[in-house]
Amino acid sequence: MKTSSRQSFPVPSVSLKLREKYFDFDFGAEDAVESATPIGFSNNTMTMMITMMERKNFLKGSITAFSAAAVTYHQPSWGTTIDPKTGIRLPDLGEIETSIPDNWSDEENPISSSDDNNNNKNTMFSRLDNKPDSVFYQDPRFVEHVDDNAVKLMTEYISSIAIQPGRDKSVLDLCSSWTSHIDADVARKLTRISGLGMNNKELESNPTLTDWIVQDLNENPILSKYENESFDVVLLQLSIDYLVKPLEVLKEVGRILKVGGKVHIVFSNRLFLSKAVGFWTGGDDIDHAYYVGSYLHFCDGGFQYIQAKDLSTRKGGRDKRIIGDPMFVVTATKG
């Protein structure tokens, strides 16, 4: 993930013609599998997704998930601005930070609140491509999936805020690949940087990892190779949108974190559309921050102090619109 040859694309809420113009992506292609989630569905976007689902013989229940996600759970947020050039919906300044409730006592679990027989949960986490992830990730991808500035923002955050040498000694990079976005000087001060990912070639090419495991968390969300309270920091970068069992995974993160340890979940609006779960693809960035906070609160992982932060670069002056790929993080502390 280090060059500008990105393999994930944002889908703006504009016409098909404009999407193809700005993002060089043929939505009519039979094997269109690598694109990005829309930031709130438009009618054109929904039509495109249904067409893709039909071409891939998507299950009827999965179509229901996308419709339910768009109508029931993912209402467009007021604190957003649509970029006039691209049509992408982006959060206004400060909206990400206020997406997390101060008090969760009045909040319902968005995953289970309307799920009497578990069918809704199953469809909410269905995907356009439900083939095993081991097939999708069998070939290594030595590219970044966000632009260079977003990579810089992510690296600076991880290396100067998320990880504090002296305080932190052990780090788990969950859903890892060929880079962990940790500065070499910081990495040298840590005792352990473990990686868990899907592709062995990517993991063995990661210069910061001291050890690694190949594991599909969508097949097995249990982190059985890691002992209780064995890490000071857990990183989850640009991958939360692909997890079909996020509560199970994050409960395990709570188990392996030391008391007082932190998890940092970093996400953008770029992804592989075919592999993202339906629950995620119907919302905008403000919704996404709330979803991640909900995962952390309702996973029974013992997390406290759940917070969200907008790391994106913004224009100066009155506009303050995001420039380039957005970058956000939701954090929590093991209590």
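The model is predicted, so local features need pLDDT of at least 70 and side-chain atom pairs count only at pLDDT 80 or more, while totals for chains, interfaces and linings use all residues. Residues are numbered from 1 along each chain as its sequence is written, and side-chain values use heavy atoms, with hydrogens and water left out.

Start with the sheet. Helices (H or I, at least four residues) and strands (E, at least two) are DSSP runs numbered from the N terminus, and two strands pair if DSSP finds at least two bridges between them. Seven strands make an open, mixed sheet, ordered β5-β4-β3-β6-β7-β9-β8. β5 (211–214) and β8 (303–310) are the edges; each has a single partner strand, so one side of each has no neighbour in the sheet. From one strand to the next, the twist averages 15°, where axes are lines fitted to C-alpha atoms, for helices over the stretch in contact, and angles run from 0 to 180 degrees between N-to-C directions.

Now one pair. β7 (residues 257–267) and β9 (residues 328–334) run antiparallel, joined by six bridges. Ile265 is opposite Val330 in β9.

α6 (residues 148–162) lies across β6 (231–237), β7 and β9, at about 165° to β6.

Which residues of α6 are buried? Taking buried as under 20% relative accessible area, exposed as over 50% and partly exposed as in between (1.4 Å probe, protein chains only), they include Val151, Met154 and Ile158. Their cover includes α7 (184–187), β6, β7 and β9.

Note on methods: Contact means heavy atoms within 4.5 Å.
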